[in-house]
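Please look through the sequence and the model below before reading on.

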2 protein chains.
Amino acid sequence: MAKSNNNDYDIGLEIAFASSAYRAAGLKTLKAHGQDDITREQYGILVLLSLGDGLYQTQIANILGKDRPNITRMIDILETKGLIRREKDTDNRRILKVFLTETGRKKAEKVKPLKERMNKAQCKDLSDEDIEILVTLLRKVRKNIAEEYKIEI
Amino acid sequence: MAKSNNNDYDIGLEIAFASSAYRAAGLKTLKAHGQDDITREQYGILVLLSLGDGLYQTQIANILGKDRPNITRMIDILETKGLIRREKDTDNRRILKVFLTETGRKKAEKVKPLKERMNKAQCKDLSDEDIEILVTLLRKVRKNIAEEYKIEI
DNA sequence: TAATAATTGTTATTATGATAACAGTTTTGA
DNA sequence: TCAAAACTGTTATCATAATAACAATTATTA
């Protein structure tokens, strides 16, 4: 039963399912380690800031692929929780730079090994070559979609 | 600059980005074709029903990988819009079977070519073999995550 | 220089995602 | 048989996703 053509697969659906499972695992492992006082998305911001502090909100939005209104709200929550702080830029008064507090930095450090374990588990029976191929193909389909539909990536 | 190990890539992130681009393209093409009076997720339900009518809500939830409360809410909206109807099962009074109305069926038919075009665009420079490999690897990482974190898939 | 456009962050609204708790119904098992 | 467990759908709550509109500020350019 040879495959006649590409239409036998819905690649978008395959990617969505893989993404969904990864997401569910992230939620579960955060909860399992008592780290669900903040959410997966909020951790994304903390981890990003732990790599490079002092970003402004639009930069965070672009890097994480989220809208500015959502970043505003999440930063609000994180600020309320004392994990980040905003600081006005002196040169450009439109800009608010975002920094981790010490509490926030510790929080980010806690979640990193959980994420590393997830990555390892996900690739456990894949060779380095498999991984190279998977990443290459994922980036290709992403580029194709982005070009065809003029999506910013 | 040879790669030392798997840790050079964040596969979860690669998948999430690909998924996000596909999602954004879906939203954009629905809007471009004047089909944004209902959402991408709501279309998912219509298309599923167009393949096999009379599913009950838990089945829809399982197939689409969504929670039952969300399905309840979306079915409410689709019912209000006259695109689906609920029907009580005579054998098991807990069950509500869901059917497309004629309007709903037409709506589902409209979106199908848009989705097919997206799939074609996404794979435009991939060989049939590439696609086979991509699907195989995606299913592997999904299975790995699901097993390690005991996620239902 | 002054009008115009673009940028940054905010507020508001609708829909979806995840979770907990619930009522009604059916199945299971002592 | 009958009490306990499981199933189906619902309601409620909080967080995120997507979009539109807005004020304040900065950059552009006529």
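Is A:Lys150 buried or exposed? The model is a predicted one. In it, A:Lys150 has a relative accessible area of 63% and is therefore exposed, the cut-off for that class being over 50%. The residue lies in the segment after H6 of chain A. A:Lys150 is not a glycine, yet its phi is positive, at about 50°.

B:Lys150 is placed in the segment after H6 of chain B. Its phi is positive as well, at about 55°, and B:Lys150 is not a glycine either. With a relative accessibility of 64%, B:Lys150 counts as exposed.

## The interface between the chains

The next topic is how chain A and chain B meet. On the side of chain A, 52 residues are in contact with chain B, and on the side of chain B, 54 residues are in contact with chain A. The size of an interface is often given as the accessible area lost when the parts come together. Between chain A and chain B, the buried area is about 5,500 Å², and carbon and sulfur atoms give 61% of it.

Three elements of chain A give two or more residues to the side that touches chain B: helix H1 (11-32), helix H5 (102-122) and helix H6 (128-148). The largest share comes from H6(A), with 17 residues. By residue class, the side of chain A that touches chain B holds 26 nonpolar, nine polar and 17 charged residues.

Eight salt bridges are counted between chain A and chain B. One salt bridge joins B:Arg117 to A:Glu148, with their closest N and O atoms 3.2 Å apart.

## The largest nonpolar core

Which residues touch the most other members of the largest nonpolar core? They are A:Leu134 and B:Leu134, in a core of 24 residues. The elements giving two or more residues to this core come from both chains: H1 and H6 of chain A, and helix H1 (11-32) and helix H6 (128-149) of chain B.

The contacts of A:Leu134 can be listed, leaving aside its neighbours within four places in sequence. In chain A, A:Leu134 is in contact with A:Leu126. In chain B, A:Leu134 is in contact with B:Ile11, B:Leu134, B:Leu137, B:Leu138 and B:Val141.

## Salt bridges

Side chains of opposite charge can pair when their charged atoms come close. Over all chains, the structure holds 28 salt bridges.

| Residue | Partner | N to O distance |
|---|---|---|
| B:Lys107 | B:Asp37 | 2.9 Å |
| B:Glu79 | B:Arg86 | 2.6 Å |
| B:Arg85 | B:Glu87 | 2.5 Å |

The pair of B:Lys107 and B:Asp37 links distant parts of the chain, 70 residues apart. B:Lys107 is in helix H5 (residues 102-122) of chain B, while B:Asp37 is in the loop between H1 and helix H2 (40-51) of that chain. B:Lys107 counts as buried, at 11% relative accessibility, whereas B:Asp37 is partly exposed, with a relative accessible area of 46%.

In the pair of B:Glu79 and B:Arg86, B:Glu79 is partly exposed at 32%, and B:Arg86 counts as partly exposed at 22%. In the pair of B:Arg85 and B:Glu87, B:Arg85 is partly exposed with a relative accessible area of 36%, and B:Glu87 counts as partly exposed at 37%. In chain A, salt bridges that share partners join A:Arg23, A:Arg40 and A:Glu41 into one network.

## B:Leu64

Where does B:Leu64 lie? It is in helix H3 (residues 57-64) of chain B. B:Leu64 is partly exposed, its relative accessible area being 22%. Not counting residues up to four places away in sequence, B:Leu64 touches A:Phe17 in chain A, and B:Gly44, B:Ile45 and B:Leu48 in chain B. B:Leu64 and B:Ile131 are 67 residues apart in sequence, and their C-alpha atoms are 22 Å apart in space.

Technical notes. Residues numbered from 1 in each chain as written. Chains lettered and ligands numbered in written order. Predicted model: local features only at pLDDT ≥ 70, side-chain atom pairs only at ≥ 80, totals over all residues. Heavy atoms only, no water. Contact = heavy atoms within 4.5 Å. Buried area = accessible area lost by both parts, 1.4 Å probe. Salt bridge = Lys/Arg side-chain N within 4 Å of Asp/Glu carboxyl O. Helix = DSSP H or I, 4+ residues; strand = E, 2+ residues; numbered from the N terminus. Nonpolar A, V, L, I, M, F, W, Y, C, P; charged D, E, K, R; others polar. Core = buried A, V, L, I, M, F, W, Y, C linked by side-chain atoms within 4.5 Å. Buried < 20%, exposed > 50% of the residue type's maximum accessible area, 1.4 Å probe, protein only.
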